[in-house]
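Here is a short briefing on one protein chain. Look at the structure first, then read the points below.

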Amino acid sequence: MKKVLVALVLVLTLGLTACGEKSGGGESESIKIGVTPVPHAEIIEIIKDDLKKEGVDVEIVEFNDYFVPNISLADGSIDANFFQHEPFFNENKESKNLDLVSIGVVHIEPIALYSDKYKSIDDLEEGAQILIPNDPTNGARALVLLEKAGLIKLKDSGDINATENDIVENPKNFEFTALEAAAIPKAYKDAGAAVINSNFAIKAGLNPVKDGLVIEDSDSPYANLVAVRAGEENEAKFKKLMDALHSDKVKKFLEDKYEGAIVPAF
């Protein structure tokens with residue numbers, strides 16, 4: 001009987017000690033973050049260990065489109081996402097009535113015009129087909145880029161809400177075809193030229209600085225942000241996430257790996 005009591009006391013003691021250690025060290029937190037593969041997944045990957053040391057376990061969930069990650073965040077499938085620029089985020093959450101907020105920007109991905117057929121914009125032929133993204137914000141962004149290059153003129157110059165209907169001058173009668181942004185890198189070689197978002201361009205082996213016929217200015221308003229559900233933006237784990245994303249380690253990684261194709265925004 002005494003042996004049984006001693007064993008029971010030992011079990012209880014060990015259990016209480018273990019609970020005390022967990023409580024004293026603080027429970028680890030977790031973030032399931034939705035990202036597109038390049039560069040977002042790569043950026044999160046290099047800070048995972050740093051966040052682990054801060055008591056935050058990070059799980060990366062990859063998406064290959066621009067429309068699902070905000071829905072997944074709103075319905076609780078993920079805790080945060082990192083894939084979109086601010087104009088897209090604002091339009092998407094408003095049009096879909098999503099209660100999401102930005103907790104900060106990380107980098108800019110300059111959009112660019114690419115061609116497998118022409119070496120410069122001057123070589124673009126009459127009636128050439130130009131592919132642009134089919135979502136409203138990136139479609140407008142593409143048109144503004146083409147306007148700055150002198151290829152077209154918009155009704156309101158620089159309008160970030162422009163559509164093809166706002167083109168008032170098209171001297172070479174370019175044919176514009178809107179496709180899902182992720183599909184353009186696979187299709188651009190069959191067109192005259194294409195405006196491609198840098199995350200998809202880089203994944204396809206294209207560098208906007210080296211391969212783009214025209215590249216967006218460095219004063220672009222399209223900084224990529226991290227989004228969370230409204231009401232959760234002040235949680236400690238998200239502050240730790242943003243501190244890690246705004247570190248010198250991330251800045252150096254962006255500058256060294258992408259050589260101007262991805263620009264830090266902090």
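Which residues touch the most other members of the largest nonpolar core? They are Ile33, Ile44, Phe82, Val226, Leu241 and Leu245. Keep in mind that this model is predicted.

**The nonpolar cores**
- The largest nonpolar core has 30 residues.
- Strands S1 (29–35), S2 (56–62), S3 (80–85), S4 (100–108) and S12 (223–229) are among the elements that give two or more residues to this core.
- Helices H2 (37–53), H9 (236–245) and H10 (248–258) also give two or more residues each.
- H2 provides the largest share of this core, with six residues.
- A second, separate core holds 23 residues, including Leu124, Ala128, Val144 and Leu146.
- In soluble globular proteins, nonpolar side chains tend to be buried together.

**Helix H4**
- Helix H4 covers residues 86–95, and its buried residues are Pro87, Phe88, Phe89 and Asn92.
- These buried residues pack against helices H3 (68–74) and H5 (136–148).
- They also pack against strands S3, S4 and S12.

**Glu216**
- Glu216 sits in the loop between strand S11 (214–215) and S12.
- Is Glu216 buried or exposed? Glu216 counts as buried because its relative accessible area is 13%, and the cut-off for buried is under 20%.
- The Glu216 side chain makes a polar contact with the side chain of Arg141, at 2.6 Å.
- Leaving out residues up to four places away in sequence, Glu216 touches Glu109, Pro110, Ile111, Arg141, Leu145 and Tyr222.

Note on methods. Residues are numbered from 1 along each chain as its sequence is written. This is a predicted model: local features need pLDDT of at least 70, side-chain atom pairs count only at pLDDT 80 or more; totals for chains, interfaces and linings use all residues. Side-chain values use heavy atoms; hydrogens and water are left out. A nonpolar core is a set of buried Ala, Val, Leu, Ile, Met, Phe, Trp, Tyr and Cys residues joined through side-chain atoms within 4.5 Å. Buried means under 20% relative accessible area, exposed over 50%, partly exposed in between (1.4 Å probe, protein chains only). Helices (H or I, at least four residues) and strands (E, at least two) are DSSP runs, numbered from the N terminus. Contact means heavy atoms within 4.5 Å. A polar contact is a pair of N or O atoms within 3.5 Å; within protein, one must be able to donate a hydrogen and the other to accept it, and residues adjacent in sequence count only if both atoms are side-chain atoms.
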